Amino acid sequence: MKKRILSLFAVIACVAMSSSAMAQKQDEMQPLPHQVENLELLDLKGNPAMMPYFGKKNVLIFYVDPDRAKQNDDFVTDMEENHRAAGENIEGFGILNLKDTMFPGGIVRSMARKRTEKNGATVVADPDRIVATQWGLGDCNNKFVLMLVSKEGELVFCRKGEFTEQDKKDFYNIIDKYR
């Protein structure tokens with residue numbers, strides 16, 4: 001009986017360690033740059049939609065957990081007011097990370113739809129963490145994620161969470177090459 005219990009604990013320990021290693025691997029971001037592909041997400045009405053501008057222009061993507069929509073708000077406001085990321089070769093859009101929010105997806109999409117009618121922004125929704133998984137972004141829960149994907153489909157910049165001054169400098173150094 002004691003051997004069975006010890007064997008059971010050994011199996012459980014191995015499974016737990018394996019699960020932990022897999023979870024850690026999923027949380028890690030793939031090194032940059034790396035190739036990514038256009039993905040089918042949802043428009044704000046819940047219909048299938050491909051990512052806008054992908055492969056046509058360099059795209060600046062704001063991948064946002066609605067629980068942290070205001071994270072880096074000062075940086076984004078400064079970037080918009082100073083046109084530091086503007087250029088004829090760049091288009092920007094937002095992606096709502098609906099899987100990691102505590103709010104119902106339909107309500108978030110409805111609120112975003114009303115807001116985009118006023119400001120003209122382009123926003124799509126990721127209901128199942130498709131972008132984070134398919135693009136190897138790792139854990140994006142409770143994080144504002146800023147990405148730059150080249151016209152050739154290469155993810156060349158990605159930062160998650162609260163930006164440091166160095167993150168901001170790195171972003172502006174990269175974006176200047178693609179404007």
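Which residues form one aromatic cluster? Select Phe-62, Phe-75, Phe-144, Phe-157, Phe-163, Phe-171 and Tyr-172.

Before going on, note that this is a predicted model, where local features need pLDDT of at least 70, side-chain atom pairs count only at pLDDT 80 or more, and totals for chains, interfaces and linings use all residues. Residues are numbered from 1 along each chain as its sequence is written, and side-chain values use heavy atoms, leaving out hydrogens and water.

**Stop 1: a ring pair.** The structure holds eight aromatic pairs (ring centres of Phe, Tyr or the six-membered ring of Trp within 6.5 Å; planes under 30 degrees apart are stacked, over 60 edge-to-face, the rest tilted). Zoom in on Phe-157 and Phe-171. They pair edge-to-face, at 5.5 Å centre to centre and 65° between the planes. Phe-157 sits in strand β8 (residues 154-160) and Phe-171 in helix α5 (residues 165-178), so the pair links distant parts of the chain, 14 residues apart (helices are DSSP runs of H or I, at least four residues; strands are runs of E, at least two; both numbered from the N terminus). Phe-157 is buried at 3% relative accessible area, and Phe-171 is buried at 1% (buried is under 20%, exposed over 50%, partly exposed in between, with a 1.4 Å probe and protein chains only).

**Stop 2**

**Stop 3: parallel strands.** Select β5 (residues 90-97) and β6 (residues 123-126). They run parallel, joined by four bridges (pairing takes at least two DSSP bridges). Ile-95 has Val-124 as its bridge partner in β6.
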